[in-house]
Amino acid sequence: MLAPGRAKPKPTPETKHFWDGCKQGKLLLQRCGDTGKVYFPPRPFSPYTGTRNVSVFEASGRARLYSYVIHHRPVPGFTPPYAIAVVELEEGPRLMTNIVDCEQTPEALQLDMPLEVAFTPMDEEITLPLFRPAKEAR
């Protein structure tokens with residue numbers, strides 16, 4: 001469970017499907033109907049063409065560690081040290097998240113390491129898509 005005090009995301013009509021999916025254990029992304037390109041964050045139009053011809057699909061939940069910093073200062077809702085990471089999803093988009101179930105050291109957090117989504121409830125309303133080392137990499 002997450003430490004108390006962490007800022008809570010506020011779903012909007014445009015992002016509700018994403019947060020509902022996380023609560024159900026599904027990482028939902030969107031795809032441009034004109035180009036087939038996948039994008040994140042959620043929005044009702046394609047960032048590539050501006051079309052509203054978009055679809056929602058369940059992503060694999062697999063990713064690679066693209067970049068990170070290890071934060072050492074106390075912040076409400078976090079116990080230092082903790083990684084603030086950018087992961088690149090198997091489907092292409094990148095998202096900012098935290099890495100869990102792993103030592104928060106440069107030796108343990110290797111760039112390009114395989115990761116998998118770890119859905120972590122904040123409360124009854126919001127579940128966060130955090131990431132952990134993939135089982136085959138442990």
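Author: E116 and R132 form a salt bridge in this predicted model, and their closest N and O atoms are 2.8 Å apart. A salt bridge here is a side-chain nitrogen of Lys or Arg within 4 Å of a carboxyl oxygen of Asp or Glu. E116 lies in strand β7 and R132 in strand β8, so the pair ties together parts that are 16 residues apart in sequence. Strands and helices are DSSP runs numbered from the N terminus (strands: E, at least two residues; helices: H or I, at least four). E116 counts as buried at 14% relative accessibility, while R132 is partly exposed at 21%. Buried means under 20% relative accessible area, exposed over 50%, and partly exposed in between, with a 1.4 Å probe and protein chains only.

Two rules of reading apply. Residues are numbered from 1 along each chain as its sequence is written, and side-chain values use heavy atoms, with hydrogens and water left out. Because the model is predicted, local features need pLDDT of at least 70 and side-chain atom pairs count only at pLDDT 80 or more, whereas totals for chains, interfaces and linings use all residues.

The whole structure has 7 salt bridges. One of them joins D123 to K8, with the closest N and O atoms 2.8 Å apart. This pair links distant parts of the chain, 115 residues apart: D123 is in the loop between β7 and β8 (127-133), and K8 is in the segment before α1 (16-23). D123 is partly exposed at 31% relative accessibility, and K8 is partly exposed at 35%. E125 also forms a salt bridge with K8, the closest N and O atoms being 2.9 Å apart. E125 sits in the loop between β7 and β8, 117 residues from K8. At 56% relative accessibility, E125 counts as exposed. Salt bridges that share partners join K8, D123 and E125 into one network.

Strand β4 (residues 62-71) pairs with strand β5 (residues 82-89) in the antiparallel sense over 8 bridges; two strands pair if DSSP finds at least two bridges between them. In this pairing, R64 stands opposite E88 in β5. Strand β5 is also joined to β6 (residues 94-98), antiparallel, by 5 bridges, and there V87 stands opposite L95 in β6. The hairpin of β5 and β6 has 4 residues between the strands, and G92 takes a positive phi near 120° in this hairpin.

The loops have details of their own. The peptide bond from P80 to P81 is cis, with omega near -5°, and P81 is in the loop between β4 and β5. The bond from F40 to P41 is cis as well, with omega near 5°; P41 belongs to the loop between β2 and β3. In the loop between β6 and β7 (114-121) lies D101, which has a positive phi of about 60° although it is not a glycine. D101 counts as exposed, at 55% relative accessibility.
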